[in-house]
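Could you look over these notes before we discuss the fold? They are in the order I would read them.

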Amino acid sequence: MPSDRTTSRLRPFATTIFAEMSALAVEHDAVNLGQGFPDTDGPESMLDAARAAISDGRNQYPPGLGVPELRHAVARHQRERYGLDYDPDREVLVTIGATEAIAGAVVGLVEPGDEVVMIEPYYDSYAATVAMAGGVRRVVPLVPDGDGFRLDRERLADAFGPKTSVVLVNSPHNPTGTVLTPDDLAEIARLCVEHDAVAVTDEVYEHLVFDGRTHTPLATLPGMRERTIRISSAAKTFNCTGWKVGWLSGPPELVAAARTAKQYMSYVGSGPFQPAVAHALDHEADWVTASADALQRKRDMLSAALRDAGFGVHRSEATYFVCADPRPLGVDDGIKFCRSLPERIGVAAVPVSVFADDRDPWRHLLRFAFSKRDEVIAEAADRLRRL
């Protein structure tokens, strides 16, 4: 019997870089700036609401679409913040985090052989999800733009064709911290309309944008409300990554497609956490604003430490992440460098090249997470200076 019975389309995704780097961090007692999760909890009133829900017996299967109070809170939030009006009973679906929302949308909408346009580098679950659906990836790179990155719009237009079914759009962007410009979004919208493609937008960092920037959902552009599945979650907004409460919104026929796939993935979950997230969406906007302000300051702390250590540092416009270039230190192999850092200086990062099909332009780059307590970033800064 073969030692590996995993299907060929999923074998490339058997392990993740996050597991490898986190294991090295534990082995060497390193400061883990590789995996993007905070080390402090979300708003106390949200935690109290979860405790109350558990005590009140809300511990069984929630409704398949999600608990009504969360679906209504999601709809209210999008209407008040972006002017997007979704019917909470037909156009909002609660999922097990944004990862399941993406998987449900792609598996529910992509036929085998369909092409899925993706921005490169991409969050690692995107490629695995497209493989599960039997789709074909068409990647469009971000390219250098001063100390940051921009979308290659010429390559974007070339990626669309008669087999294009879905475009996966991630802005604010993980891993680079890029926020797509209005012109980028307008070009994506134009191509979606021209090719009758569906946009699946991963907007989990929608509230964590810096330096006075604002987030614009693709669904707000002309012609896009009716062809966009918009995805977000509580994880990054409210520091509760372990709760796995996400949601998607869109026109009924697209939500129905995602739900058809999703209901055979997890069916339902996160029962007592759903009403707690609903409470946070309705009552903790000030906490979210303060959290984004704190993250901007943490970004500045870590960026300064990386510069002091000799790295070139790229502009981070949003998210938890800053990308650093070790070539000034004489290093051009990011994977090898990341594997050595936990033992060498006691800091863990992740190489950006693992998030790309064409790895060569990204082979040197490292991603560091700054979603940590100040004292953790300060300790990482001291260790980085040993370089």
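The points below go from the ground rules to strands, loops and surface.

1. Ground rules. This is a predicted model, where local features need pLDDT of at least 70, side-chain atom pairs count only at pLDDT 80 or more, and totals for chains, interfaces and linings use all residues. Residues are numbered from 1 along each chain as its sequence is written, and side-chain values use heavy atoms, with hydrogens and water left out.

2. Strand 7. Buried means under 20% relative accessible area, exposed over 50%, and partly exposed in between (1.4 Å probe, protein chains only). In a regular strand the side chains alternate between the two faces of the sheet. Here Val198, Val200 and Asp202 point one way, while Ala199 and Thr201 point the other.

3. Neighbours of strand 7. Two strands pair if DSSP finds at least two bridges between them. Strand 6 (residues 164-170) pairs with strand 7 in the parallel sense over five bridges. Strand 8 (residues 228-233) also pairs with strand 7 in the parallel sense, over four bridges.

4. The crossover. Strand 6, helix 7 (residues 182-195) and strand 7 make a right-handed β-α-β unit. Right-handed means that, with the strands pointing away from the viewer, the path from the first strand over the helix to the second runs clockwise. The loop between strand 6 and helix 7 holds Pro175. The peptide bond from Asn174 to Pro175 is cis, with omega near 25°.

5. Four strands form an open sheet in the order 10-11-14-13, with antiparallel pairing. Strand 10 (312-313) and strand 13 (350-351) are the edge strands, each pairing on one side only. Strand 11 (residues 321-325) and strand 14 (residues 366-369) pair over four bridges. Ala324 has Leu366 as its bridge partner in strand 14.

6. Backbone points to check. Most residues other than glycine have a negative phi, and most peptide bonds are trans. A cis peptide bond joins Glu120 and Pro121, with omega about 5°. Pro121 sits in the loop between strand 3 (115-120) and helix 5. Thr319 has a positive phi, near 75°. Thr319 lies in the loop between strand 10 and strand 11 and is buried, at 0% relative accessible area. Ser270 has a phi near 60° and counts as buried at 16%.

7. Which is buried and which is exposed, Glu91 or Asp29? Glu91 is buried, with a relative accessible area of 8%. Its side chain makes a polar contact with the side chain of Arg225 (2.9 Å). A polar contact is a pair of N or O atoms within 3.5 Å; within protein, one must be able to donate a hydrogen and the other to accept it, and residues adjacent in sequence count only if both atoms are side-chain atoms. Asp29 is exposed, at 64%, in the loop between helix 1 (17-27) and strand 1 (31-32).

8. Met132. Met132 lies in helix 5 (residues 124-133). Met132 is partly exposed, with a relative accessible area of 44%.

Definitions and conventions
Helices (H or I, at least four residues) and strands (E, at least two) are DSSP runs, numbered from the N terminus.
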